[in-house]
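Hi,

Here is the structure I promised to pass on to you. My notes on packing and domains follow below it.

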Amino acid sequence: MLFDDEWVKAEPIVNALLHQKSVTPAEWQDLFFYVYKITSWVEDGPQRLRDILTREINGYVQEASEKIRKLKSDESLLNGYIKEWNRFYRQSSILPLPFKKLDDNRVKSSEQHFEPIRVVMLDKWNEVIFSKISDSLLIEALRLVKEERDGNIVNADNVIGIRESFVGLNNQFGEELLVYQKTFEKQFIEQTSEYYSKICGKLLSELGVLEYMVYADKKLDEEQQRAQKYLEMSSPSSIRHMEAAVIALVENFEDTILAECSRLIAERDVERLQRLYRLIRRTRTGIDTVLKCIDAHIRTEGLNDMKNNADSLATDPEKYVQQLLIMFDKFSALVREGFCDDARLLTARDKAFRAVVNDSSIFKTEMMNKKGRSFAVESKCAELLANYCDLLLRKTQLSKKLTSEEIDEKLNQVLLVLKYVENKDVFMRFHRAHLSRRLILEMSADQEKEEMMVTKLRECGMPSDAVNKLSRMLQDIELNKDMNASFKKALTGTNNNKSVADSINLKVLNGGAWGRGGSEKIRFSLPRELEDFVPEMEAFYKKQHNGRKLCWMHHWSSGTMVFGTGSGGRFDLEITTFQMAVLFCFNDRANDKISLETLRLATELPDAELMRTLLSLVAYPKMRSQILLCDVPSQNITFRDFTDSTNFYINHNFHLIKNGKPQQRGKVNLIGRLQLSLEANAEKEHESIVALREYRVQEGIVKILKTRKTTTLAQLTMELVEILKPLFIPNRKIIKEQIDWLIENQYMERRPDDINTFVYLA
Amino acid sequence: MSTPSNSAGSPMQEDNGSVQKQKNANPTENRPFVLKKWNALAIWAWDVECDTCAICRVHLMEECLRCQSEPNSDCCVVWGDCNHSFHHCCMTQWIRQNNRCPLCQKDWVVSRTSK
């Protein structure tokens with residue numbers, strides 16, 4: 001078989017392909033066949049075929065080169081080039097297909113180095129045409145880009161074609177994009193930078209910063225699209241284009257733009273803030289200033305809001321929590337609308353809001369330790385939150401007014417704020433005290449909600465031992481219902497005690513869940529009217545539960561008493577056992593005056609309790625007429641007015657007022673806040689919080705040292721804060737004090753050569 | 001203890017019963033205050049010699065040290081024949097090494113638990 005015989009048949013088809021003339025499917029198929037025959041059967045066929053094909057390609061490229069050379073002006077040169085290039089470039093992926101066998105053979109005969117046909121085509125193009133005119137083509141392409149930036153419509157395909165030439169024609173293995181990066185990309189980026197640098201300064205002073213931001217925002221968007229269109233995005237350095245644009249458009253004027261940030265935030269100009277954010281987001285460090293602005297804004301705004309309403313907020317937990325929530329929503333909306341909920345800004349919001357919540361300059365609680373020294377000054381937030389919870393969960397005017405869903409929502413809001421509270425231990429303590437009171441006095445609005453709240457507290461990461469106690473209290477109350485029922489049954493069953501069964505409700509609580517009460521227990525002498533019941537109850541309980549002893553908590557018990565006044569009034573008084581004890585003293589002495597000293601002797605109440613109890617009977621807030629009267633002349637009686645010889649006597653004209661008319665019948669609740677042990681002695685409460693914290697810190701330090709063996713002060717502090725965060729944030733003072741204590745008691749020691757490094761002593 | 005109080009109680013209660021009727025009727029001029037209902041409240045604890053667990057040093061009414069750090073546990077109290085009491089979990093650990101009461105060194109025999 002002769003080469004020429006076959007090639008004669010193949011050549012017209014190759015030529016037609018090169019010149020983009022139409023080729024029938026049959027011809028196209030034939031070409032494969034001819035190439036196959038030549039490469040398979042003709043001696044030296046592949047080599048000869050490659051040579052002749054190269055010559056054909058060369059001829060075509062020369063032809064094209066001639067055509068392009070005739071074009072004079074840069075513009076028509078570019079147009080002409082692109083026209084030829086597009087044809088050739090398309091061909092470069094079609095023509096090599098029939099000659100695939102040559103490319104395959106090339107790999108086998110590896111001693112000689114042959115390029116694939118497509119590379120041969122492109123190399124030839126580069127060598128003959130592109131390399132000679134690439135500089136002027138690039139200049140022309142960049143001129144088009146500038147035209148486009150100036151707002152004129154240009155033929156984008158021309159620029160794209162030049163990019164393709166640069167990318168496609170210099171495909172040295174291993175450095176495919178090198179030439180493109182060094183020429184096209186580099187100059188394109190330089191031009192971007194230069195173009196905007198030249199005009200932006202002037203624009204800024206002409207437009208003013210706000211309008212300039214609109215301009216820059218628009219241009220950045222355009223440049224982004226332009227890069228997509230004109231740059232080879234697979235080149236890693238293509239991002240430099242946007243960097244250059246950002247520097248020229250934004251970073252050069254960053255300070256001027258950021259100077260607007262505070263004002264825009266203060267004015268809540270969300271639209272402009274969003275724009276500012278879009279610009280600043282692209283800069284390297286600008287966001288830091290924005291974060292500072294947000295932080296400052298939330299802190300000052302938050303504290304100002306609080307300060308302006310300080311008086312009403314401090315006494316009204318509901319208002320206080322609502323105020324916090326309004327602020328939180330406001331700040332969240334700002335971050336969402338102005339800054340697209342950027343994670344960095346959300347963090348800044350959290351940090352600043354935490355500072356507002358825990359701020360101790362407006363609502364503070366001073367913690368004292370046992371030695372009476374100020375231990376820490378903390379925000380009152382935890383306490384107010386717990387009080388608000390109580391308002392929602394107790395039968396109150398507020399909880400009656402709200403629907404179940406509304407209460408759920410508000411409880412969730414409490415938990416939201418709670419997340420930001422640092423002294424969570426204080427919240428838990430107050431919450432527990434409130435819960436005790438609700439359960440003991442049976443004042444819970446809804447048992448289910450109580451249980452839900454416990455679950456939620458657990459879910460939001462409150463320490464499990466504290467939450468466990470709450471849920472044990474709830475379980476215990478359930479157990480008690482059964483116990484009380486069987487107690488009544490037992491009483492009714494035996495010797496005619498029906499009246500006793502009716503007048504007694506017994507609660508026996510688990511000391512572990514409710515606090516052993518040892519320190520809280522108040523000794524006093526129970527009035528005979530009540531004491532008579534005690535043996536009965538104890539005997540019953542003993543029969544039910546062997547091996548348990550009872551400890552009466554009279555300061556938590558209460559009851560109802562009928563009060564018959566000398567003027568014929570009849571009132572049901574809901575009162576504490578202490579109040580009962582005082583009032584029972586007046587039986588058989590209904591018209592006598594009894595001195596405080598005598599009352600003390602009769603009740604054996606400790607002074608503080610006696611004063612509180614008497615005050616609640618002679619000066620109960622918001623009541624026009626009081627149960628007892630005393631011979632203290634002042635209008636606003638306080639317990640300081642009482643002396644041992646102050647006399648107390650029954651108010652026989654006691655009446656209630658309803659709709660402006662005096663009533664001779666009715667029900668009065670005088671328990672009020674009396675049984676909230678926290679209110680009674682906040683100092684003691686704080687002392688025990690502090691004492692517990694000291695233990696927690698000791699425990700934490702030992703735990704850390706046990707694993708670390710040696711540690712530095714800085715690391716110890718950091719880990720300690722991490723461990724104790726769910727309860728409270730230990731301050732430097734408590735850490736230092738407890739370290740000293742642990743050293744003194746030889747749990748640890750300082751390293752002799754470095755006093756800030758500690759060593760664990762087993 | 002319970003028997004005498006019961007027997008001594010019955011005449012007193014009769015006494016009370018009559019007072020009660022009188023009371024329930026109405027407050028009188030002389031006795032203006034009459035009890036209608038009393039919600040008595042007590043707290044119970046184990047009636048034991050020593051109310052802290054000698055092993056973990058935590059009060060017997062509370063969960064033992066181990067159970068406090070690992071939530072969701074049924075921590076109960078166990079009494080031995082010697083009438084000493086400990087957390088059940090603590091004692092289970094203890095008798096693996098030494099089957100004697102840690103307080104009196106008598107052989108440990110469980111007499112009852114709080115469950």
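Two residues are in contact here if their C-beta atoms, placed from the backbone, lie within 7 Å. On that basis, and leaving out residues up to four places away in sequence, A:L276 touches A:M213, A:I257, A:E260, A:C261 and A:L264.

Before going further: this is a predicted model, where local features need pLDDT of at least 70, side-chain atom pairs count only at pLDDT 80 or more, and totals for chains, interfaces and linings use all residues. Residues are numbered from 1 along each chain as its sequence is written, while chains are lettered from A and ligands numbered from 1 in the order in which they are written.

**Cores**

A nonpolar core is a set of buried Ala, Val, Leu, Ile, Met, Phe, Trp, Tyr and Cys residues joined through C-beta atoms within 7 Å; buried means 20 or more other C-beta atoms within 10 Å of a residue's own. The largest core has 162 residues, and A:L276, A:L385 and A:M561 have the most contacts inside it. Its largest share, 10 residues, comes from helix α6 (residues 117-149) of chain A. (Helices are DSSP runs of H or I, at least four residues; strands are runs of E, at least two; both are numbered from the N terminus.) A second, separate core of 14 residues includes B:L60, B:C64, B:C67 and B:V77.

**Helix α28 of chain A**

In this helix (residues 577-584), 8 of 8 residues are buried. They pack against several elements of chain A, including β5 (558-564) and α30 (607-618), together with β1 (33-46) of chain B.

**Domains**

The assignment for chain A, automatic or from a database, includes domain 3 (478-552) and domain 4 (556-680). Their contact takes 7 residues from domain 3 and 10 residues from domain 4.

Best wishes

Methods. A residue is buried if 20 or more other C-beta atoms lie within 10 Å of its own, exposed if 12 or fewer, and partly exposed in between; C-beta atoms are placed from the backbone.
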